[in-house]
Amino acid sequence: MTNKDIKIVVTGDITINLLQWKTYISNIKEYSYKTYPQFHRNIKLGEDFILSKLVELSTEANIISPKIIFENNRINEDSIVSTVELNLFPMISGKNNKNKVYRVKEFLGFTGPDIGIPKQYPIINDDSEADIIILDDENNGFNNSEEFWPKALKTKDKSPLIIYKTNNLGESNSLWNHIEKNHLNKTIVVINADDLRSKGVNISKRLSWERTALDFVWQMNNNPNLVSLSKCNHLIIPFGVEGAIHYKNKGKSESELYFLTYEFEGGFIKEEQGKMYGLTSCFVAGLVKNIVSGIIGNDNLDSYISEGIREGIVAAQKYFIHGFGNNVLNCSFPDPSIFTEKENDFIYKEHIQNVNIRNTKNLNCRSCWYIIKDKNSFNLAEIAYEIVKYGEKSALKFMPIAQFGNLKTVDRTEIEGYRSINNLMSEYISSKNTVRPLSIAVFGTPGSGKSFGVTEVASSIAPNLIKKLDYNLSQFQSVDDLIAAFHKVRDYTLKGRIPLVFFDEFDSYFGKKLGWLKYFLAPMQDGVFREGDALHPIGKAIFVFAGGTSNTFKKFSGEDIISEDEKIEFLSEFQNSKGPDFISRLRGYVNILGPNQTDENWDQLFIIRRAMLLRSLLERKMPHLINLNDEAQIDNGVLRALLKISKYKHESRSMEAILEMSMLNDAKKWEQAHLPSKEQLKLHVNEEQFSRLLMQEEFYSEKVEKLAKDLQKTHININNDLKDHIIKDCKDISEEDKIYIQHQVRHIPKALQKVNYEVISVNEKPESIKFTEKELDILAEYEHKRSSLEKKESEWVYDKTLDVENKKQPYLLSYDKLPDGYKNKIKNYISAWPEILANSNFKIERLKFLCNCESQLYM
């Protein structure tokens, strides 16, 4: 079977696109009219027709569809006509791009019949034996015109694969009712995310892929308007041209997110690049391309849908880039190359990642879901090491990254905060009739990077318009200082700039607690400030209020106060200081997290933030420590201490200070010897803890012999209890068992990571923990697999009886086939680890970068 043997019927609502555009002729002296702009018109078929053309290009299959022939270029008055204005736009976004193509400048509107449904067109050479049916339902009459539906859809005992592209699944939709009743198990529904939103489905946009995905799952589980959609075997929701969600329900629902790591929904198409119709149609054509390949190869439907989604995202982006070409009349539209992979393409299917979306009703579990953790088999500490050593491009190649100018972040919480501010600023800067400043607040500990983060976000939107101004209110002596600052802000607005005004420590004391707030109410609300009897307009500006005494919005507003008495007292004082009035005038806020852990239960990614900050500092301040392979030359102990120290006393400033205080100017590698003295380190970290982290591997290696001897005593007790053979002391233990025990000790730190623990060197003997049964099971299975592999590599083989001389052993089986007695023997060894480690001043501690859900995982 070849592609040409596959019959695909493509039909649905039909729109005729009337394209209008202008051209300019230079140096023409022949006729006067040629000195004016030349106005052009052209007819392009839209909706079902563009979809059938795209499917033909993508599949090279036998396409069966309606046809329209225009007589004398006249359009039937009962047809739907969409009029669009075209213009030349940069082919790709960027300052140096000189190549331009035509795209849509403005959708001018629709015309159609005054009464009755729009004209429907019959399928030419319709075939009831069609393999695939593609329906383009734009709710313009086709869904209730059964006589125009494909034969294969209406004929009994026919079960073609149906791709149903729609924007409407209401009860009045006869087509959907027919599909739901007769073909649901072989139907793939495709509905655009914005179409869902327009129906009142609340799915966030351009915050983070995690938030978008979780919002979708919640809506599918709880929104009564989506009951019919939730029954679909396959539902695909494109999110712009940057991602999609594949929802499956075969008795149990599950959803998978497909996304571009370096873009978020709506990020690929820039405002200066114009618009295009037909993006979802192109996505569907890419999807069908892989489905056809799957039918020919008799592959599993899910696998070729998965590849089809990737193909659809890639094709839609290429379709947008090519537009109508640089000559509307002479260029092929759609461009046939959009479904062909070429060298040096700007996008490949491999760029698009996928991850299963967490489906839980627990709001806490929803809030702590991070793609970076689900997409990586390593724990966060290992990812952090990779980031510093090899850079985020290598370590985070398949993770969502948000970038605003020089600011990069992978922390979902930070991404959502910065994107909220980015969206607010973008809307404000592009709006024409603004009479007051945009007011936002930013909170964080000193040194966390409050000013840097918000400045980079603003500059990434409008670098040539933004003028940054900084004022520290704790240094103002009187209200006159604030009035002088407002005058300077006004001066820049009159020059056509948009001042980005940082009012640092806005929550500082002035006559009383939060004494400055009342002086900002009129400027924030009305866009004016008073000087004597005169009122002065401020103009277009962005006010950024940076907290000095409050490191989070909750702390500033008192939301984190637990005691009722304290809360009543706080709110009384807060109201007297005009706090609620101030908050009502804010349009957004962001909590800057910095390199320290802000919450032991929920702040998981602090170690990743540290890693990205450290890598950035090395690249900017010590580039000679990055070799030609982009690998940072840094001692493992130094790296471990910098990433795992419990707290930096002055946040990012402390990390930067340790780097600058180290003797690295002529160094080829950042060794422990280059670090500042303990007395100097004390300014920025707990120097004792830092030193123990530096030497942790050495401390552990140094005590392996002692730990092994302690575990040998456990071995004696275990064997004597089981009466395998009586051992009086360590001298009676076989060499084989001694080697096994020593290897077990060396692998304890790695084994403990399997249940989210790590080994920490401490000054005094710590209290030993007790493993749960679940933890013992996981550790026992890991230890058995490790030791079995070790034996097999030493040429041991399975036999029913133990024969040490000939290297035969009865326990070289998978863990689940081991006798219970032998499993318990392994568990007894493991149960002894905490006490043995504690006797050597090693503490077993829960990993700090776990969310609350993961901490409870092995309980």
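The structure is a predicted model, in which local features need pLDDT of at least 70 and side-chain atom pairs count only at pLDDT 80 or more, whereas totals for chains, interfaces and linings use all residues. Residues are numbered from 1 along each chain as its sequence is written, and side-chain values use heavy atoms, with hydrogens and water left out.

By the accessibility criterion, Tyr-121 counts as buried because its relative accessibility is 11%. Tyr-121 is placed in the loop between strand S6 (100-111) and strand S7 (132-137), where strands (E, at least two residues) and helices (H or I, at least four residues) are DSSP runs numbered from the N terminus. With contact taken as heavy atoms within 4.5 Å, and with neighbours within four places in sequence left aside, Tyr-121 is in contact with Ile-14, Pro-66, Lys-67, Ile-68, Asn-76, Ser-79 and Phe-148. The side chains of Tyr-121 and Ser-79 also make a polar contact at 2.8 Å, the term denoting a pair of N or O atoms within 3.5 Å of which, within protein, one must be able to donate a hydrogen and the other to accept it, residues adjacent in sequence counting only if both atoms are side-chain atoms. The C-alpha atoms of Tyr-121 and Phe-690, which lie 569 residues apart along the chain, are separated by 76 Å.

Five strands form an open sheet in the order S17-S18-S21-S16-S22, with parallel pairing, two strands being considered paired if DSSP finds at least two bridges between them. Strand S17 (466-472) and strand S22 (588-591) are the edge strands, each pairing on one side only. Strand S16 (residues 438-443) runs parallel to S22 and is joined to it by four bridges, with Ile-440 standing opposite Gly-588 in S22.

For helix H20 (residues 606-621), the 16 residues should span 22 Å at 1.5 Å a residue, and the end C-alpha atoms are 22 Å apart, which agrees; the expected span is 1.5 Å times one less than the number of residues. The buried residues of H20 include Phe-606, Ile-607, Arg-609, Arg-610 and Met-612.

A search of the whole structure finds zero disulfides, a disulfide being a pair of cysteine sulfur atoms within 2.5 Å. For Cys-331, the nearest cysteine sulfur is that of Cys-282, 17 Å away. Cys-331 is partly exposed, with a relative accessible area of 26%, whereas Cys-232 is buried, with a relative accessible area of 1%.

Note on methods. Buried < 20%, exposed > 50% of the residue type's maximum accessible area, 1.4 Å probe, protein only.
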